[in-house]
Amino acid sequence: MRTRRRITGCAAVGLACTLLVAAETPPSDRFQVNVDMVVVTFTVTDTKGKYVNGLHPEDIRVREDGVVQKIVSFTEGNQSRPIQASPDLLADTNVFVLFDTSNWMYAGFAYASDAITDFVRFLPSSDWIAVYKFSRNLFRAASLTKDRNQALSAVRGSVAGDATALYNALLLTLRDAAKTVGRKVVVVFSNGPDKASIVAPDDVKTVAEDQGIPIYIVSTREAQIDQISSNVFQRLTERTGGQLFWAQTWQKQAEAFSSIRDDLASSYTVAYYSPPGETGSFRKISIDVVSDAGKNYRIRTRTGYHAHGDSSRF
């Protein structure tokens, strides 16, 4: 881990694009990201850990570097509510499932496949789902689709195992997700540890933060077995507004994926236009609920993003 070369988020995407990918070539190897529009996904829970549902745009206050921002689009779960004449920016939810099929997964592959199958089967029919698999290389088993049979077949199909290059695969998945319009999330099932990536996990975290893509990770290992991976997984999920689950048994894996479905169904997503400021700086994002009760709510979201100017081409 310590020998990995540190590179910037944008450079990491460019480097990852040169990796061998066992799949069809995406429609374009160049894409534009409009960083003027900031998309933030978050969950709100009360003092008992229960989701707080039914909030409206006027109940939410979003700050960037301490300055309140004007919300232009608002979504709860799958219910998108454009504000005034603004376009429905968050109408679709795009779920990217990244499934570890490396050598480390051989023993529990069948159980893991069953857990992911149930996760996909019970997602709302309106969600778009992509299924990616990886070991040393990434395999795009199913591009974004609403066809559940296609997605389920992609999960069940076997892929030859090899060394684990999780961070390479995750960066390429984030690159694909960044091309899509609407809400997006990456759900990772991996045993690890990563032994084959050429990009650093913090570069992956930076790209996910900047694109506003929460990362959820379900790992079959015990946290104390591999402290390095444990710390990396914790950073990736916390800094992007996702969650980390340690699930060795099939029952725990099923519970983890059920919790992720609940989280997606209960999460909110807002969009606002980024104010002008210094390019390259890290801009902190904070969210609070404007009510007396809201003072005691816990809000989980990404911590911020790096400003890259009007737009960036990767």
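## Strand 7, wrapped on both sides

In this predicted model, eight of the eight residues of strand 7 (residues 93-100) are buried, so the strand is largely enclosed by the rest of the structure. Here, buried means under 20% relative accessible area, with exposed over 50% and partly exposed in between (1.4 Å probe, protein chains only). Strands (E, at least two residues) and helices (H or I, at least four) are DSSP runs, numbered from the N terminus.

Take a look at each face in turn. Thr-93, Val-95, Val-97 and Phe-99 are buried on one side, and Asn-94, Phe-96, Leu-98 and Asp-100 are buried on the other.

## Its partner strands

Strand 7 pairs in the parallel sense with strand 10 (residues 183-190) over seven bridges; pairing requires that DSSP finds at least two bridges between the strands. Within strand 10, Val-187 stands opposite Val-97.

Strand 8 (residues 128-134) also pairs with strand 7 in the parallel sense, over seven bridges. There, Ala-130 is the bridge partner of Phe-96.

## Helix 4 against helix 6

Helix 4 (residues 166-178) packs with helix 6 (residues 227-240) at an angle of about 10°, their axes 13 Å apart. That makes the two helices roughly parallel, a label for angles under 35 degrees. Axes are lines fitted to C-alpha atoms over the stretch in contact, and angles run from 0 to 180 degrees between N-to-C directions.

Leu-166, Tyr-167 and Leu-170 of helix 4 meet Val-232, Phe-233 and Leu-236 of helix 6, where contact means heavy atoms within 4.5 Å.

## Reading notes

Residues are numbered from 1 along each chain as its sequence is written, and side-chain values use heavy atoms, leaving out hydrogens and water. Local features need pLDDT of at least 70 and side-chain atom pairs count only at pLDDT 80 or more, while totals for chains, interfaces and linings use all residues.

Key. Angles under 35 degrees count as roughly parallel, over 145 as roughly antiparallel, 65 to 115 as roughly perpendicular and the rest as oblique.
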